[in-house]
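Please look at the sequence and the model before reading on.

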Amino acid sequence: MAENSAPGATRRFAGFAAGLKYASLPPEVREALTVFLLDYLRVASLGQRMPWSAWTTNLARELGGNGQSTLLFSEDRSDPERATFVNAAYSGSIDADDVHVGSMLHPGCVVISAALAIGEARHQHGDRILAAIAAGYEMMIRIGLAIQPSHFRRGFQSTATCGGFGAATAAACLMFMGSDRTRRIAETLGLASSFSGGLTQFYHSGSTVKRIHAAHAAGEGVHAALLADAGFSGPVDILEGKDGFARAYADGHDFDRGLAGIGEEWRLLETAIKPHATSARVLSAIEATAELCREHGLNAADIKSVRVGIPKIIQGRLTVGEPKDVQAGQMSLPFCMAMVLRMGKDAAPGFTINIDDFEAALADPETMAISKAIDCVLDDDAERVSTEQSVGAKVMFTLKSGKTVEKFVEAPKGSASRPFTLDDHVARFRAEMLHRFAPARVDALLEEVRNFAAARNPDRLMLLLSDRD
């Protein structure tokens with residue numbers, strides 16, 4: 001790059017991250033970071049019980065490590081890269097983690113895993129860790145926005161491909177502090193880009209690979225920062241370069257869009273918190289189905305046919321009526337609706353579909369039959385209300401009595417326009433953690449998360465989350 005030329009997208013992103021301090025964050029962003037951390041830990045606790053989480057933990061134990069960073073909910077420690085991988089597998093494998101709809105990715109599982117692992121290994125103050133998390137969220141979301149939707153259409157899963165940028169940013173922010181901080185962060189991004197990958201063939205063929213997409217991205221982002229610290233560097237124009245990330249991974253890109261308002265407008269505030277372990281784009285259909293059943297006292301036996309109006313972005317990968325496995329079931333709008341219809345009028349307000357529910361539903365012939373019969377059609381109203389923050393759905397039942405009932409949900413509960421309250425998040429966190437810990441310890445955890453900005457380091461938080469005394 002010429003001496004006086006304007007910095008490209010990579011350096012501009014790096015410059016934003018380098019200059020970010022917790023003290024400069026608006027109050028609503030600080031509160032969002034507390035919410036993200038609470039939800040991350042809640043989902044990680046759920047995910048840690050999954051069989052594939054045991055695979056990642058066992059692999060980390062087999063490979064060893066220097067014991068600097070905690071594996072959540074255990075006595076084990078490993079090196080920061082492996083700890084990041086394991087903790088991101090816990091938190092990012094069950095499709096219950098936070099999501100930014102427009103950029104089509106899950107930032108929390110990647111960024112928070114990286115920031116906690118490096119923060120613990122490098123004994124960083126809580127406010128610095130939170131600032132690094134904010135930078136990582138913004139980086140992931142904004143790079144994703146710059147390359148979507150062609151990135152997705154080409155078969156890439158953007159949590160996997162863009163996640164490395166979020167993890168690398170968070171890690172580099174905590175590792176590099178000198179006058180060359182912007183350059184070191186940019187070089188780390190350049191390294192992370194060379195490790196980017198993650199294809200969506202699993203939508204068609206099944207498999208468990210998506211369970212570790214976020215984990216791989218998170219671990220490789222931390223690996224990139226460690227490589228940069230060791231002396232390696234990546235191209236500081238990796239995003240926009242002639243043979244860089246955007247050219248390789250998308251048919252078009254708009255980094256002006258990705259960078260617009262950075263540091264003043266916070267795209268992380270658009271992040272949705274999910275009530276169910278499924279795609280964010282099917283949540284409105286789930287909510288509409290449940291509300292219709294409750295409001296009219298309906299069960300599946302009362303319904304002759306079901307039609308759901310959707311925006312075009314749903315059509316195809318998320319409308320498969322006969323999913324092959326649990327992962328495919330989680331990504332199937334009609335199958336999720338069928339699960340709710342099997343609950344019928346008993347789907348109480350605030351109910352949750354967890355990952356454990358899908359295995360039983362897949363084995364149930366009636367649920368599968370309902371799913372295959374649901375008619376998914378493009379709908380102008382659903383298209384009109386669907387944005388970078390949420391996706392709407394219009395559900396219509398034709399009853400056996402001949403009556404027709406309809407519900408239109410423009411944005412689901414948990415999205416930016418209809419967020420859960422902080423009390424909701426505390427209640428959800430508490431309910432999950434009480435499965436693990438005594439009430440006094442859960443109270444101490446809540447207090448530590450709420451006051452994390454003032455923590456000298458993350459040691460007490462990680463101790464409370466471990467099996468160590």
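Is Phe 16 buried or exposed? Phe 16 is buried, with a relative accessible area of 11%, where buried means under 20% relative accessible area, exposed over 50% and partly exposed in between, with a 1.4 Å probe and protein chains only. The model is predicted, so local features need pLDDT of at least 70 and side-chain atom pairs count only at pLDDT 80 or more, whereas totals for chains, interfaces and linings use all residues. Residues are numbered from 1 along each chain as its sequence is written, and side-chain values use heavy atoms, with hydrogens and water left out.

**Aromatic pairs**
- A search of the whole structure finds 8 aromatic pairs, a pair being rings of Phe, Tyr or Trp (its six-membered ring) with centres within 6.5 Å, called stacked if the planes are under 30 degrees apart, edge-to-face if over 60 and tilted for the rest.
- The ring centres of Phe 16 and Trp 266 lie 6.0 Å apart with planes at 55°, so this pair is tilted.
- Trp 266 counts as buried at 9% relative accessibility.
- The rings of Phe 36 and Tyr 137 are stacked, because their centres are 4.6 Å apart and their planes at 5°.
- Phe 36 is buried with a relative accessible area of 4%, and Tyr 137 is buried with 0%.

**Cluster**
- One aromatic cluster is formed by Phe 156, Phe 165, Phe 245 and Tyr 249.

**Charges over rings**
- Arg 184 places its charged end over the ring of Phe 176, 4.2 Å from the ring centre, the criterion being NZ of Lys or CZ of Arg within 6 Å of the ring centre and within 35 degrees of the ring normal.
- The charged end of Arg 317 sits over the ring of Phe 152, 4.5 Å from its centre.
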